[in-house]
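Here is a short briefing on the predicted model shown below.

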Amino acid sequence: MKITILTLFPEMFSALGASILGRAQREGKLDVEVVDLRDYTEDKHQKCDDYPFGGGAGMVMMAQPVGSAVEAVDPAHTARRIYLSPKGRPLTQERVVSLAEGGDMVLLCGHYEGVDQRAIDLFIDEEISIGDYVLTGGELPAMVLVDCVARYIDGVLSPESLVQESFSDGLLEYPHYTRPVEYRGLRVPEVLRSGNHAEIDRWRHERALEITEKARPDLLKGREEDKR
Ligand code: 9D3
């Protein structure tokens, strides 16, 4: 899958070269290209933002560099063009899976107060938000989207990781432990060292229910069978 990111701050995306996403790119499973919107300005000072018509705080990203960049990177409109925006539909795991199956993407990152509405009307298919909190721009949300979509590309994760996800059954995860058996007086729960896998599964399911009840009781609504 090819993901093209349009941004005024390309240097923020060095994080995508690390860890699992870095490996996926080196193995050719994922191709992320970060494009500097300044390269598409027609202004001699490379200006990409301007004051808002009607007044108000902050600056607005100009339509022209956005339009020229989108048309240069996706001339036949074969990619899904997404604007990361606080006004977008909230990102869900369901949407992530569908985007992962959906082919190439162009991600437009706004900064300042946002992008001139005409660029959105003319060049964007969909607006996505990553949640109800205020960030300084769409760059971190774009990285969030790349990260969660990449997990579903064949060969990026071990098959076991995705199988485990389907077994977790909408609950938060049970606690994990590794060596040593004792750290600062805290011991690994005995059951996890027992070798009794039926017992271990039951213990993990109980802890998952407990943790979910405490942090996300909303996830348990309509599943009376687990509550006992
Ligand atoms: C505080 C300024 N807001 C009202 C005047 C508008 C506003 C504009 C631009 C608020 C945030 C931003 C920058 N944020 C994003 O571009 C963004 C975002 C976010 O802030 N939260 C969750 N998801 C996203 S996706 C893009």
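**Ligand shell and backbone notes**

The shell around the ligand is made up of nine nonpolar, six polar and one charged residue. Here Ala, Val, Leu, Ile, Met, Phe, Trp, Tyr, Cys and Pro count as nonpolar, Asp, Glu, Lys and Arg as charged, and the others, Gly among them, as polar. This is a predicted model: local features need pLDDT of at least 70, side-chain atom pairs count only at pLDDT 80 or more, and totals for chains, interfaces and linings use all residues. Residues are numbered from 1 along each chain as its sequence is written, and side-chain values use heavy atoms, with hydrogens and water left out.

**Ligand site**

- The ligand is surrounded by 16 residues, each with a heavy atom within 4 Å of it.
- The closest are Ile130, Gly131, Tyr133, Leu135 and Gly137.
- Strands β5 (80-90) and β7 (126-129) each supply at least two residues of this shell. Strands are DSSP runs of E with at least two residues, helices are runs of H or I with at least four, and both are numbered from the N terminus.
- β5 gives the most, with three residues.

- A polar backbone atom of Leu135 is 2.9 Å from a ligand oxygen.
- A ligand nitrogen sits 3.5 Å from an N or O atom in the Ser129 side chain.
- Gly138 places a backbone N or O atom 3.3 Å from a ligand oxygen.
- Alone, the ligand exposes 570 Å², and the protein buries 72% of that. Areas come from the Shrake-Rupley method with a 1.4 Å probe.

**Helix pair α3 and α5**

- The axes of α3 (residues 93-100) and α5 (residues 139-150) come within 9 Å and cross at roughly 70 degrees. Axes are lines fitted to C-alpha atoms over the stretch in contact, and angles run from 0 to 180 degrees between N-to-C directions.
- α3 is therefore roughly perpendicular to α5, a label for angles of 65 to 115 degrees.
- Val96, Leu99 and Ala100 in α3 meet Leu145, Cys148 and Val149 in α5, with contact meaning heavy atoms within 4.5 Å.
- This contact has six nonpolar, no polar and no charged residues.

**Backbone details**

- The Arg179 to Pro180 peptide bond is cis, with omega near 5 degrees.
- Pro180 is in the loop between α6 (159-167) and β8 (182-183).
- His77, a residue other than glycine, has a positive phi near 50 degrees.
- His77 is in the loop between α2 (63-73) and β5.

Conventions: Polar contact = N/O pair within 3.5 Å; in protein donor to acceptor, adjacent residues only side chain to side chain. Parallel < 35°, antiparallel > 145°, perpendicular 65-115°, else oblique.
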